[in-house]
Amino acid sequence: MGSPVVLGIESSCDETGAGLVREGRLLAHAVASSMDEHARYGGVVPEIAARAHVHAVRPVVQRALDEAGLRLTDIGAVAVTTGPGLSGALQVGLAGAKGLAYALGVPLYGVHHLAGHVAADTLAHGPLPNPCMVLVVSGGHTSLLLVRDLARDPIVHLGDTLDDAAGECFDKVARVFGLPYPGGPAIDRAARSGDPHAVPFPRPLPGSYDFSFSGLKTAAARWAESHAGAELPVADGAASLQEAVADVLTRKAVAACVEHGVGTLVVVGGVAANSRVRALAEERCRAAGLTLRVPPPRLCTDNGAMIAAVGDLLARAGAEPAPLDVSIDPSAPLEHAALHPTATARAAA
């Protein structure tokens with residue numbers, strides 16, 4: 001008997017995702033976003049996100065099944081994000097996944113959200129090289145990781161976010177610039193007609209693999225304030241900010257590859273969809289003789305396919321399924337791809 005069809009469910013923030021993966025191949029995936037409901041507030045409202053997941057999870061699973069031409073009974077395992085993320089949102093996804101897994105009598109796997117982003121690339125480009133360097137850049141996380149066997153080995157952190165992540169910086173500065181939410185795509189669009197060298201924004205923590213974008217965010221806000229009473233050259237500000245972020249991210253990632261003798265850089269997460277980050281990563285990897293892998297934009301943002309991809313890897317590696325009392329951990333550190341917290345263990349800690 002071959003590997004099972006794995007259903008992945010993602011509900012850590014404002015997107016409800018369902019994906020179906022078997023033996024590393026994406027069969028189908030569907031996403032429902034509540035982003036428009038949050039836009040009026042300039043950011044994600046946890047209670048609104050949780051309610052949206054309640055309404056969306058069942059239809060999204062059905063859409064993925066319909067796209068793949070499968071029935072519910074064809075599912076052989078269920079994977080779900082158990083952290084990190086918004087507590088209420090995670091609870092909705094886990095409840096739905098538990099109900100399906102127990103009703104179908106199939107294994108349930110808890111998955112770390114960031115491991116899902118890493119695994120998303122396998123759906124586009126095949127198995128990850130062992131080892132590879134992974135740069136995760138999303139709304140709440142910026143991490144530089146040394147990854148070996150994603151399903152079996154611990155994940156080594158070379159650098160992490162100390163304060164604002166790259167995506168947070170884009171969102172917050174976009175608001176100051178008068179651009180819409182979400183800020184990342186808005187900054188990217190505005191930057192197309194701007195001069196990336198117009199504003200000498202700082203490059204934070206040049207001598208470290210850690211990341212800090214709080215100071216850059218503040219510098220951009222101060223620059224905007226300096227134009228009080230005059231028209232703000234938004235395109236130049238956006239292009240200069242984007243260049244600073246892309247420069248920091250790609251410079252550190254390429255340097256880490258060279259220092260550790262790793263030949264492949266994988267860039268994942270929502271900010272990996274940014275056009276300048278992608279272009280500069282390609283340019284610098286080519287100059288350093290490195291292979292660059294970046295998923296297509298539709299797999300960069302949160303989705304159920306990436307969670308199914310981790311579940312598929314875990315199932316094929318013979319990993320232990322989650323215990324019956326698996327819970328969530330909204331602030332879970334990334335140590336392994338599988339994340340099986342329990343309420344009892346968390347209370348004891």
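In this predicted model, K252 lies over the face of F211. The distance from the ring centre is 5.1 Å. That value falls within the 6 Å limit for a charge over a ring.

Ring-to-ring contacts were examined next. The structure holds three aromatic pairs. One of them joins F177 and W223. Their ring centres are 5.6 Å apart and their planes meet at 65°, so the pair is edge-to-face; the cut-off for that class is over 60 degrees. F177 sits in the loop between α5 (166-176) and α6 (183-191). W223 belongs to helix α7, residues 214-225. The pair therefore ties together parts that are 46 residues apart in sequence.

Both partners are shielded from solvent by the criterion of under 20% relative accessible area. F177 has a relative accessible area of 6% and is buried. W223, at 13% relative accessibility, also counts as buried.

W223 has a further partner, F201. This aromatic pair is edge-to-face, with 6.1 Å centre to centre and 85° between the planes. F201 lies in the loop between α6 and α7, whereas W223 is in helix α7, so this contact ties together parts that are 22 residues apart in sequence. F201 and W223 are both buried.

Taken together, F177, F201 and W223 form one aromatic cluster. The residues come from the loop between α5 and α6, the loop between α6 and α7, and helix α7.

Technical notes. Residues numbered from 1 in each chain as written. Predicted model: local features only at pLDDT ≥ 70, side-chain atom pairs only at ≥ 80, totals over all residues. Heavy atoms only, no water. Phe/Tyr/Trp six-rings, centres within 6.5 Å; stacked < 30°, edge-to-face > 60°. Helix = DSSP H or I, 4+ residues; strand = E, 2+ residues; numbered from the N terminus. Buried < 20%, exposed > 50% of the residue type's maximum accessible area, 1.4 Å probe, protein only. Lys NZ or Arg CZ within 6 Å of the ring centre and 35° of its normal.
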